[in-house]
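Please follow the chain below with the structure open beside the text, moving from one residue to the elements around it.

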Amino acid sequence: MTKQKKKSKQKKREHNGGDDALAKQAALDESRRRREAERSRELSRELCASRHDGVEWCEYEGEVNLPEVMRLVDDDLSEPYSIFTYRYFVKNWPSLCLLAKIEGETVACVVSKAEVENSQLVAGEACYRGYIAMLAVNNTYRRSGIGTALVCRSIERMRAMGCAEVILETETTN
């Protein structure tokens, strides 16, 4: 065998070894991504779990819930919304408008949406982006985890709809 052929074979072995290393790294990265995703789902399930005695978790049922949602949001958020803004969200995404009730009174709500995003994240497929538009919790029930549970429930629903990301805007004073 000539020196040139030996060098060529050696380069092929080195190249294939590099491919093997890349494949192993890709497998490790995929395994790590799956573990992190499962941990995230477990954490989300735990946060979403109802540990709040007496709290009834509800989905927006229609116009009958609109005054309750408007009252909560208007009391808690500095940005005034018109009734048309509320209706835009609750009519188009009623399953993403969630309420927490205690003894029949709505004490917290989250209003969200999920839309197709023109993005390069998933080539050739529709990519959804979630958006949490409003989150309000009655002062009496703050710091009890009800808001967190509502947000988690909303995010879980957006995930089920295929959202690749969720956006939440908040005021700097919040």
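In this predicted model, Ser112 touches Phe89, Trp93, Leu96, Tyr131, Ile132, Ala133, Ser154 and Met158, once residues up to four places away in sequence are set aside. Ser112 has its place in strand 3, which covers residues 105-117, and because its relative accessible area is 1%, against a cut-off of under 20% for a buried residue, Ser112 counts as buried. Its side chain also makes a polar contact, at 2.8 Å, with the side chain of Ser154.

Ser154 leads on to helix 4, where the buried residues are Ile146, Gly147, Ala149, Leu150, Val151, Cys152, Arg153, Ser154 and Met158; of these, Ser154 and Met158 are also among the residues that Ser112 touches. Helix 4 runs over residues 146-160, and its length can be checked against expectation: at 1.5 Å a residue, its 15 residues should span 21 Å, and since the C-alpha atoms at its ends are 21 Å apart, the two values agree. Just after helix 4, Gly162 adopts a positive phi of about 100°.

A last stop is Gly54, which is found in the loop between helix 1 (3-48) and strand 1 (55-59). Is Gly54 buried or exposed? With a relative accessible area of 55%, Gly54 is exposed, because the cut-off for that class is over 50%. Even so, Gly54 is in contact with Lys101, Ile102 and Glu103 when its neighbours within four places in sequence are left aside. For one of these residues, Glu103, the separation along the chain is 49 residues, while the C-alpha atoms of Gly54 and Glu103 are separated by 7.2 Å.

Terms used. Residues numbered from 1 in each chain as written. Predicted model: local features only at pLDDT ≥ 70, side-chain atom pairs only at ≥ 80, totals over all residues. Heavy atoms only, no water. Helix = DSSP H or I, 4+ residues; strand = E, 2+ residues; numbered from the N terminus. Buried < 20%, exposed > 50% of the residue type's maximum accessible area, 1.4 Å probe, protein only. Contact = heavy atoms within 4.5 Å. Polar contact = N/O pair within 3.5 Å; in protein donor to acceptor, adjacent residues only side chain to side chain. Expected span 1.5 Å × (residues − 1).
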